[in-house]
Amino acid sequence: MVSYFVPRGRFLLKAGNVRKAIQEQQQLQQKQTPQNGNWSMLRHFRQLPTNAVSNESSAVSKSKPQQRQLHQQQQQQSQLTVRRNVLARWTGFLMRWAPMGLCVFGAIEWQLHKMRCSRDGAPSTASEFQSMVYCSLPLRIMSRCWGWLASCYMPNVMRPYVYGWYSNMFNVNINEALYPDLNHYNSMAEFFTRPLREGARVIDSKAPLVSPADGKVLHFGRASDSRIEQVKGVNYSIEDFLGPIERSTGSYAQALKQKRDGSTELYQCVIYLAPGDYHRFHSPAAWQPTVRRHFSGELLSVSPSVAGWLPNLFCLNERVLYMGNWKHGFFSYTAVGATNVGSVEIYMDSQLKTNRWTGFNVGAHPPSTYEYDELQLVNKEDSSISFNKGDLIGQFNMGSTIVLLFEAPRNFQFDIEAGQKIRVGQSLGHIGERK
């Protein structure tokens, strides 16, 4: 029987034990930590000459300053790594628990404010903090994105399904449209602003004032004070809503009136257009606009629930108002923007551009909330634009609100109720007693 031996240093190993010896040597090398990069090479030699050892020691002595510098760099790197790890831990902690803490704080603040309102007998409206948080949401970005999405081309295959789902969701009566075929509308924007067929809306010729749009009556009544109600119990300022005017003495509401003999009063009517309503709006009476003002404010929701919760909502939102006169005195017509309203279009005003980018304004209202662009509508021939009752004025690219503020005789009486559904051309009120 022949036995093979493999030389290894001073020993002779059998071939069968070579693999085991190599594994034990590798494990021993892993446990040992070398002093520098050159000492690990000495383990593979039985003996070094004296001159080699002296050369090695001289090289080590020469590399000491380099070792110190390397050691300092390693310490700095380790300190930087520790700082990064601490920052990462704190960032992860804040990202994980801060939203929950904010939600808890918001819920506590909400309940405390609700308790204060109930204790004082005041309506449960938004506090200043809640209003700031709500106005900090990126609603304008959402509205611009929605406006772009609504104007995109809709494939023919999808139109019956998308428009049919929308009609069922918001109770759209497509049979009143001029084009009842759903495949006629190339985009959602065209479907929103669909025209009505002839005779779908009848204008009341006997009423002095008719509804300018299809929608829901939020509020109506007299506006003799400087603050009027947007819904029951929630007020807003007329001056902030319309902007400044020239006046000498008296209140702002009195300065708006054109008749000074005390025979007239200011009245207001607020009509909310839901997403399923007819999105075009008309003239409620025969009148002449003389000034247009555009406030590029917020784009907050104007739904009845938000209007009853957020004070000064109509003064904060983007709006286009036209001031002029009718046969009884002062008359103003305001189209108020809202969330997801791509734009407000006025057919006779091509210079108007709404839903413009105003930048990021977190926690504060932009200056454009209270600033406005003004345009005089009287041309060089000294003849102003005029509307007749029922004339088409413009359109919303989504549901929004129309606010009428007008001067009328003291015996003017409304024919509507708060919360009532109303359509274009229906009477809003009458003067004197009905026969």
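**View 1. Charged ends over rings.** The charged end of Arg-194 sits over the ring of Phe-191, at 5.0 Å from its centre, where a charge counts as sitting over a ring if NZ of Lys or CZ of Arg is within 6 Å of the ring centre and within 35 degrees of the ring normal. Arg-319 likewise has its charged end over a ring, that of Phe-295, with 3.9 Å to the centre. The model is predicted, so that local features need pLDDT of at least 70 and side-chain atom pairs count only at pLDDT 80 or more, while totals for chains, interfaces and linings use all residues. Residues are numbered from 1 along each chain as its sequence is written, and side-chain values use heavy atoms, with hydrogens and water left out.

View 2. Trp-287 and Phe-387 form a tilted pair, 5.7 Å centre to centre and with 35° between the planes. This pair links distant parts of the chain, 100 residues apart, with Trp-287 in strand E9 (residues 287-295) and Phe-387 in the loop between strand E13 (373-376) and strand E14 (392-396); helices (H or I, at least four residues) and strands (E, at least two) are DSSP runs, numbered from the N terminus. Both Trp-287 and Phe-387 are buried, a word used for under 20% relative accessible area, with exposed for over 50% and partly exposed for values in between (1.4 Å probe, protein chains only). Phe-406 and Phe-414 form an edge-to-face pair, 6.4 Å centre to centre and with 65° between the planes. Phe-406 is buried because its relative accessible area is 0%, and Phe-414 is buried because its value is 18%.

**View 3. An open sheet of 3 strands.** The strands lie in the order E3-E18-E16 with antiparallel pairing, and two strands pair if DSSP finds at least two bridges between them. The edge strands, E3 (209-210) and E16 (412-414), each pair on one side only. Strand E3 is joined to strand E18 (residues 427-431) by 2 bridges, and Val-210 stands opposite Ser-427 in E18.

Methods:
Phe/Tyr/Trp six-rings, centres within 6.5 Å; stacked < 30°, edge-to-face > 60°.
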